[in-house]
Amino acid sequence: MMSLFDILLSATFWAAAVRIASPLIFATMGELICERAGVLNLGIEGIMVIGAFSGWITVWAGAGLWEGVAVAMLSGMLFGLLHAVLVVPFGLSQHVVGLGITLLATSTSYFAYRLILPEVTSPPRIEPFAVWEVPLLSEIPLLGPALFAQTPLTYAAFAVAALTALVLWRTPLGLAVRAAGENPSAVDAQGLSVTGLRIGAVMVGSGLMAVGGAFLTLSAFSSFFFEMVNGRGWICIALVVFGAWRPGKAVLGALLFAAFDALQVRLQQTPVGQVVPYQLFLMAPYALSIAALVLMSRRAEVPAALMQPFNRGER
Amino acid sequence: MRLEPVANPSALRRAGLPAAALLATIAVASGLAAVAGADPLATLGLIVKGAVGSKFAALETLNRATPLIFTGLAVAVAFRARLWNIGAEAQLYAGAIVTVLLGTGAVGGPLVLPLMALAAMAAGAVVLLGPVVLKTRFGVDEVVTTLLFNFIMLLFVSYLLEGPLKDPMGMGWPKSAPLAKEARLPRIVDGLRLHWGFALALIAAVAVWVIERRTALGYEMRAVGLNARAARFAGIPVDSVLVKTALLSGGLAALAGFSEVAGLKGHLTLDLSPGFGYTGIIVAMLALLNPLAVVPAALFVAGVFVGADSMSRAAGVPTYIADMLLATSLLFMVLAILLIRFRVVRG
């Protein structure tokens with residue numbers, strides 16, 4: 001099949017894959033940090049929406065792009081704090097509260113959107129992040145355009161992933177966060193606050209999820225649409241499992257996933273796409289996520305205290 | 001801070017805390033109205049009036065509550081056994097597809113409606129069976145799989161409506177052919193816009209209550225939900241209980257699709273459900289997973305939606321205030337219910 005080779009050998013395909021992976025990397029790292037500390041965050045989908053909205057509306061109101069990213073991160077941390085307070089000290093169901101946070105963050109974004117722009121039929125556009133080509137490196141065939149001719153937020157996504165791995169595995173703080181998700185009683189016995197560590201991890205993680213959402217408006221689409229996050233948050237939860245709660249593997253998972261996503265878009269243009277209904281291609285990312293979950297389920301090393309509330313009084 | 005169990009919660013605690021949660025939600029609503037530049041009291045009044053202020057409004061609320069009772073029951077049954085079915089949306093559409101397949105001429109006769117309902121239930125049950133088998137056989141978390149199935153199902157419906165199920169007389173719109181007249185659920189009272197789907201929903205609520213409280217399966221479902229490991233130790237076949245729970249839950253959610261298509265719309269479109277499957281989670285939680293309480297909870301949630309729609313047209317406060325209120329009421333309510341049994345102490 002000639003066309004498949006043509007696609008796989010084109011620089012634009014790999015550039016697209018890396019671009020599609022970027023928001024997933026931010027949000028997957030965010031969820032990974034939460035879960036490493038022992039907290040499932042199903043607020044991810046809504047937190048990505050509020051990040052996409054708040055970052056975009058900030059830039060639309062006249063602020064700079066990086067200020068938009070900062071506002072997105074803060075709004076994500078705010079909803080993260082709400083989630084953390086309800087599920088950590090109060091120990092409420094992480095499933096129920098997480099879904100509640102998703103609904104709250106999503107509806108808050110839509111409410112604010114209609115409040116600020118009551119009349120518009122199509123959302124105004126902003127000037128998004130421009131591509132920043134790394135001198136020399138971006139001229140490497142195939143790899144150059146894919147990795148070194150991207151927007152600054154894509155570079156930031158990879159930096160965040162490296163930083164997550166570094167902090168979680170190479171610093172005392174990271175050790176404490178991971179221990180809070182594996183053996184909270186031991187953390188407590190060390191005189192550290194499990195509650196504090198978990199709340200902090202959920203806030204930082206939620207901030208990253210929101211930046212992942214902001215990538216969509218500030219780097220990819222330059223506008224805010226309803227339902228633009230479209231299940232990406234849920235896919236990131238699958239990616240955390242697929243990556244066995246390891247940042248490096250999760251980034252690889254995100255890249256693999258994004259490559260398939262970029263591929264299905266391009267396959268729609270080929271002779272195959274004329275025969276097969278386009279909905280089948282669009283289903284592929286979701287079906288792929290389910291397949292990944294099944295494949296990895298046997299080997300997954302779930303943090304031992306994931307979803308287990310810690311109450312000092314109960315020891 | 002830490003939590004300390006309250007031995008015998010007083011009646012004041014049991015009634016006062018949920019009431020406080022409701023008041024807190026109303027306070028948030030007032031705040032949101034004020035932010036939107038509207039008079040808070042007038043806004044709340046318009047929501048109530050829009051929900052129950054006239055015969056037309058009240059019937060609209062009952063109609064809107066009908067699918068929510070079904071999805072609320074689906075979620076309540078599943079969550080009771082700690083089966084996290086977040087895929088009621090997909091199961092709803094599975095029911096709707098089967099309803100259209102059978103109701104547009106494939107079968108006829110006096111038994112067509114019960115046949116459609118049963119087939120729809122079977123379809124919804126099968127859709128939930130997939131994630132549950134993945135859970136029991138491979139240990140795959142059903143939260144993510146049921147969520148992802150929602151997206152797959154919606155795309156499948158989109159394919160059907162542009163392909164095999166497309167209405168040839170539909171002027172190119174992606175909608176199915178209309179149901180045959182005998183395949184439509186009749187109205188309960190002539191002239192009043194309320195169909196038998198609502199009565200079916202009430203019957204379903206009672207039936208689920210009976211199953212949960214009066215049968216061995218219900219006992220086993222509750223035992224699995226309380227502590228799966230202990231239940232297994234006590235000899236309860238946990239996996240088979242989960243599968244039975246899934247069949248029931250998926251079937252109930254599918255009835256929402258059946259009732260919307262056969263009772264209200266008469267055909268299938270991509271916007272058949274504005275998230276009834278997800279809203280069912282709120283309904284079930286507000287009902288504390290009690291099947292009978294699902295009915296008033298669904299009426300409340302439907303009232304908020306219908307009322308907010310009508311208020312939005314009159315007062316200009318965005319209609320998304322409804323979703324915000326439901327999300328806050330959910331969070332306040334789960335907190336209130338926890339605080340009935342636990343008090344916060346320092347240290």
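**Two chains, their interface and selected residues**

N230(A) is partly exposed, with a relative accessible area of 40% (buried means under 20% relative accessible area, exposed over 50%, partly exposed in between, using a 1.4 Å probe and protein chains only). The structure is a predicted model: local features need pLDDT of at least 70, side-chain atom pairs count only at pLDDT 80 or more, and totals for chains, interfaces and linings use all residues. Residues are numbered from 1 along each chain as its sequence is written, chains are lettered from A and ligands numbered from 1 in the order in which they are written, and side-chain values use heavy atoms, with hydrogens and water left out.

N230(A) sits in the loop between α10 (194-220) and α11 of chain A (helices are DSSP runs of H or I with at least four residues, strands are runs of E with at least two, and both are numbered from the N terminus). The phi angle of N230(A) is near 50°. That value is positive, and the residue is not a glycine. L288(B) has a positive phi of about 55°, and it is not a glycine either. L288(B) is placed in the loop between α11 (276-286) and α12 of chain B. With a relative accessible area of 47%, L288(B) is partly exposed.

E45(A) lists N230(A) among its contacts (contact means heavy atoms within 4.5 Å). Not counting residues up to four places away in sequence, E45(A) also touches T102(A), V229(A), G231(A), R232(A), G233(A) and W234(A). E45(A) belongs to helix α3 (residues 44-60) of chain A. This glutamate is buried but has no salt bridge (a side-chain nitrogen of Lys or Arg within 4 Å of a carboxyl oxygen of Asp or Glu). The nearest side chain of opposite charge is R232(A), 7.6 Å away (Lys and Arg count as positive, Asp and Glu as negative; His and the chain ends are not counted).

The two chains meet in an interface. It brings 43 residues of chain A into contact with 44 residues of chain B. The area buried between the chains is about 4,000 Å² (the accessible area, with a 1.4 Å probe, that two parts lose on being put together, summed over both). Carbon and sulfur atoms give 84% of it. On the chain A side, F90(A), V96(A) and F111(A) lose the most area to chain B. Together they make up 17% of what that side buries.

Four elements of chain A give two or more residues to the side that touches chain B: α4 (65-87), α5 (94-116), α11 (232-242) and α14 (278-297). The largest share, 14 residues, comes from α5(A). By class, this side has 29 nonpolar, twelve polar and two charged residues (Ala, Val, Leu, Ile, Met, Phe, Trp, Tyr, Cys and Pro count as nonpolar, Asp, Glu, Lys and Arg as charged, and the others, Gly among them, as polar).

Over all chains, the structure holds eight salt bridges. One of them joins E4(B) to R343(B), with the closest N and O atoms 4.0 Å apart. This pair links distant parts of the chain. E4(B) lies in strand β1 (residues 2-5) and R343(B) in strand β2 (residues 342-345), 339 residues apart. Both ends are partly exposed: E4(B) has 30% relative accessibility, and R343(B) has 36%.

D309(B) forms a salt bridge with R64(B), and here the closest N and O atoms are 3.4 Å apart. D309(B) is in helix α12 (residues 291-315) of chain B, R64(B) in helix α3 (residues 55-80), and 245 residues separate them. D309(B) is partly exposed, at 27%.

Helix α3 of chain B also carries R80(B). The side chain of R80(B) meets that of E212(B) in a salt bridge of 3.7 Å, N to O. E212(B) lies in helix α7 (residues 196-214) of chain B, 132 residues from R80(B). R80(B) counts as partly exposed because its relative accessibility is 22%, whereas E212(B) is buried at 0%.

A284(B) is part of helix α11 of chain B. It counts as buried because its relative accessibility is 0%. A284(B) touches G72(B), V75(B), A76(B) and L289(B), leaving out residues up to four places away in sequence. L165(B) is 119 residues from A284(B) along the chain, and their C-alpha atoms are separated by 33 Å.
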